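Please find below some notes for a colleague who is opening this structure for the first time. They are set out as numbered points, to be read with the model in view.

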Amino acid sequence: MKKIEGSPKKLKQLLLNTKYSIHYYQREYMWQRKHIEELIDDLTSEFLENYEPGHDRQEVQDYSAYFMGSIVLAGRENAIIDGQQRLTSLTLLLMYLNNQLRANKQSYSMIEQMIFSEAYGTKSFNINVDDRSDCMNAIFNDQPFDTTNVGESVKNLYERYNDIIDVFPNDEITKKMLLHFCDWLAEKVLFIEIVATTEQDAHKIFITMNDRG
């Protein structure tokens, strides 16, 4: 096995202007409503344990962090070998927050660059899977999307986004707190990024981690 590198990364560092690929033989996006419910509950509960009325955004830097485990990447293409479900779901959450901010006439400067990036005048999503683009565009623009005759991953994407709309606790994380929550999500949600030179090595790491915990 060639060189393997592991380093702690904030969600912002993982997603900001960084492209990832998911190979066709990799698992589909399979998360169900219960997974989204758990994710939203875990993240919002951790944030709310730290937040107090009157806090300004600078104070978020002193909030506790939330560790989301490791992700395994391979090669120059930044292929996601382990972590697709979490990174995709967090991207859906970022799109939900971005739509909420727009509706409130607020803005968070980095959030769009965590969702998509631009090269040669063309925008593409940072988790870049061709057959998901139409659905992701509809979600990003807060528009309805017809899931008739689409693949399982695309259908799950749209359904999970609508689950986020259902379960996000807007009564607890109010308009005044949204920017604080975005700061916390970007800066305080942490991963260990494991990068292998080859895809074969990345798969070995993934299998070893799953077999041995």
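1. One aromatic cluster is formed by Phe 47, Tyr 51, Tyr 63, Tyr 96, Tyr 161, Phe 168, Phe 181 and Trp 184; rings of Phe, Tyr and Trp (its six-membered ring) are paired if their centres lie within 6.5 Å, and planes under 30 degrees apart count as stacked, over 60 as edge-to-face and the rest as tilted. The structure holds eleven aromatic pairs. Phe 47 and Tyr 51 are a stacked pair, because their ring centres are 5.7 Å apart and their planes stand at 25°.

2. The model is predicted, and local features need pLDDT of at least 70, side-chain atom pairs count only at pLDDT 80 or more, while totals for chains, interfaces and linings use all residues. Residues are numbered from 1 along each chain as its sequence is written, and side-chain values use heavy atoms, with hydrogens and water left out.

3. Phe 47 counts as buried because its relative accessibility is 0%, and Tyr 51 counts as buried at 14%; buried means under 20% relative accessible area, exposed over 50%, and partly exposed in between (1.4 Å probe, protein chains only).

4. Helix H7 (residues 178-188) is mostly covered, with ten of its eleven residues buried; helices (H or I, at least four residues) and strands (E, at least two) are DSSP runs, numbered from the N terminus. Among the buried residues of H7 are Phe 181 and Trp 184, both of which belong to the aromatic cluster.

5. H7 also gives the largest share of the lining of the second largest pocket, three residues. This pocket has a volume of about 170 Å³, and its lining is made up of Lys 10, Arg 57, Gln 58, Val 60, Gln 61, Asp 183, Glu 187 and Lys 188. By class, there are one nonpolar, two polar and five charged residues in that lining (Ala, Val, Leu, Ile, Met, Phe, Trp, Tyr, Cys and Pro count as nonpolar, Asp, Glu, Lys and Arg as charged, and the others, Gly among them, as polar).

6. On a 1 Å grid over the protein atoms alone, a cavity is a set of points where a 1.4 Å probe fits but cannot get out, and a pocket is an open set with protein on both sides within 12 Å along at least five of seven lines; lining residues have an atom within 4 Å of a point. The count comes to one cavity of 30 Å³ or more. The largest cavity holds about 50 Å³ of space, and the elements giving two or more residues to its lining are strand E7 (127-128) and helix H5 (133-140). A volume is the space filled by probe spheres set on the grid points, which are joined across faces, edges and corners.
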